[in-house]
Amino acid sequence: MSGIVENNILRSSGTVAVSAAGLSWSDTIITGSTATVEAGNGYWVNTTSNTCTITLPSSAEAGDQIVIIDYARTWGTNKIIIDSNGLNYQGNDDTYTVEYSTDGQSVNIVYSDATKGWLPLEDDVVADEPTPPPTQKAAFAFGQIGSSSNTNVKNLMNSSGVIATDVTGVGTARRMISGATYGLDKGIFAFGYTSSNVSLKNLMNNSGVIAADVTGVGTARRGTGSTGYGVDTAIYAFGLAGADTNVSNLVNSSGVVASDTTGVGTSRSELIGVRYGTDTALFSFGTIASTKTNLVSNSGVVASDTTQVGTARTAPGAATYGGDKAAVAYGTTGDVTAVKNLISNVGVIGSDVTGVGTARNSIAGVGYGGDKGAFAYGTTGGTNYVSLKNLLSNSGVIASDVTGVGTARATLASAGYSTSA
């Protein structure tokens, strides 16, 4: 940067820095898609033409200060992204995404220590909360492969949406099981049906390895809904336990399933659970005559029923896309369908969209690649199990069928894992 006038002080380390009261300002406006900044300086960033990734210094000392200002009031259109370059930002490591996307905003940050790292002096709460890194990979596991036969086979999916061949399973073979992501980059598979309802869980690490059974995780049931919520937690809710129930169980960031919580909302099973927004989730559809949705707060509180648009159906799949939205697709109304409903980033389910791909139910859906989703497997009726995949783009468009993605099965589960592509 050119044209910088220094106002120096001596730091405790013996190096020279610019005083907080006298930052040096560049006379060059940043307009590129990337920029590297230095402590003790102020910068004007013009994002009229593009977003800009700002890389902070790789080392810093307490009191180091940087100011970044929206030069053209365009951050609302083209945001800036902060790369903390190996240091923490508001206590989160640099795998977290930090974005500023408010027109006319300024970012005034000071380095504290290795624990909290860079902290905003002037904190705009609408734009500067760090976002956890999205999951990149996923696993499909367990399910039904015959009229009375279950499996624990697993198929991993990479960050490009390619599903790998079968891996011999770990854990009790079962169907009507549910999966979710927890702990940012790990997965959990829980509940289900063998020849009776079970109360089991199998944790999956961030390499996609599923662990052995752990027993005693709430009321034994099958056909539950499950989803992540908050930053790194998950929830199981509803399901069939002799009769449909609305009981729920929270999962903490270490994968520990809590005891039953008295339910809220219409009891049902074979429903979907999915994230929306940045830290919220919902449950919807299932074995009831109308489409009921229950929102889940970022603290895991399930809200009462909301009647939604869309064809009421059982055993659809759901997957996230676009970073903060979701889609529900497929299912059965008595006849299998491929209909799709998009879910906005505030949890509103849209009207029916004519489906793409083979109509089927008891399908699994999951997010992958940071901002895309996939629907896979299922049945076209009875024991007509299929080995099909339909990818979901980051704009919510479902692609046509891809065949041959492992053992054909239905009533299986899926979960995202790994924040590394």
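**Entry 1: charges and the chain as a whole**

I began with the charges of the protein chain, and found that the mean positions of its 22 positive and 31 negative charges lie 14 Å apart. I note here that the model is a predicted one, so I keep my wording to what was computed from its atoms.

I then looked up the secondary structure, which for the protein chain comes to zero helices and 32 strands. The radius of gyration is 24 Å, close to the 22 Å that the globule rule gives for 421 residues, so I wrote the chain down as being as compact as a globular protein of that length. Along the principal axes, the C-alpha atoms fill a box of roughly 75 × 40 × 40 Å.

For the surface, I noted an accessible area of about 16,200 Å² for the protein chain, with 50% of that area belonging to carbon and sulfur atoms. Of the 421 residues, 50% count as buried. When I turned to contacts between residues at least 6 apart in sequence, I found that 54% of them join residues at least 24 apart.

**Entry 2**

I went through the pairs in turn, starting with β28 and β29, which run antiparallel and are joined by five bridges. Within this pair, I recorded glycine 373 in β29 as the bridge partner of glycine 367. The hairpin of these two strands has three residues between them, and there glycine 369 takes a positive phi near 65 degrees. Strand β29 (residues 372-376) I marked as mostly covered, since four of its five residues are buried.

Moving on, I counted four bridges between β29 and β30, again in an antiparallel arrangement, and saw that alanine 376 stands opposite lysine 389 in β30. Strand β30 (residues 388-392) is in turn joined to β31 by two bridges, and this pair also runs antiparallel; here leucine 388 stands opposite threonine 403 in β31.

**Entry 3: two buried residues**

I looked up threonine 135, which lies in the loop between β11 (118-122) and β12. At 17% relative accessibility, threonine 135 counts as buried, because the cut-off for that term is under 20%. Leaving aside residues up to four places away in sequence, I found that threonine 135 touches Thr181, Leu184, Tyr368, Gly369, Gly370, Gly416, Tyr417 and Ser418. One of these contacts, Gly369, took me back to the hairpin of β28 and β29, where glycine 369 has its positive phi.

I then turned to glutamine 144, which lies in strand β12 (residues 137-144) and is buried, with a relative accessible area of 12%. Its contacts, again not counting residues up to four places away in sequence, are Ser149, Asn150, Arg175, Tyr385, Arg409, Ala410 and Thr411. For one of them I also looked up the separation: glutamine 144 and arginine 409 are 265 residues apart in sequence, yet 5.4 Å apart in space, C-alpha to C-alpha.

Terms used: Residues are numbered from 1 along each chain as its sequence is written. This is a predicted model: local features need pLDDT of at least 70, side-chain atom pairs count only at pLDDT 80 or more; totals for chains, interfaces and linings use all residues. Side-chain values use heavy atoms; hydrogens and water are left out. Two strands pair if DSSP finds at least two bridges between them. The radius of gyration is taken over C-alpha atoms; the globule rule is 2.2 Å times the number of residues to the power 0.38. Buried means under 20% relative accessible area, exposed over 50%, partly exposed in between (1.4 Å probe, protein chains only). Contact means heavy atoms within 4.5 Å. Accessible areas come from the Shrake-Rupley method with a 1.4 Å probe; for residues, only the protein chains shown count as cover. Lys and Arg count as positive and Asp and Glu as negative; His and the chain ends are not counted. The place of a charge is taken as NZ of Lys, CZ of Arg, CG of Asp or CD of Glu.
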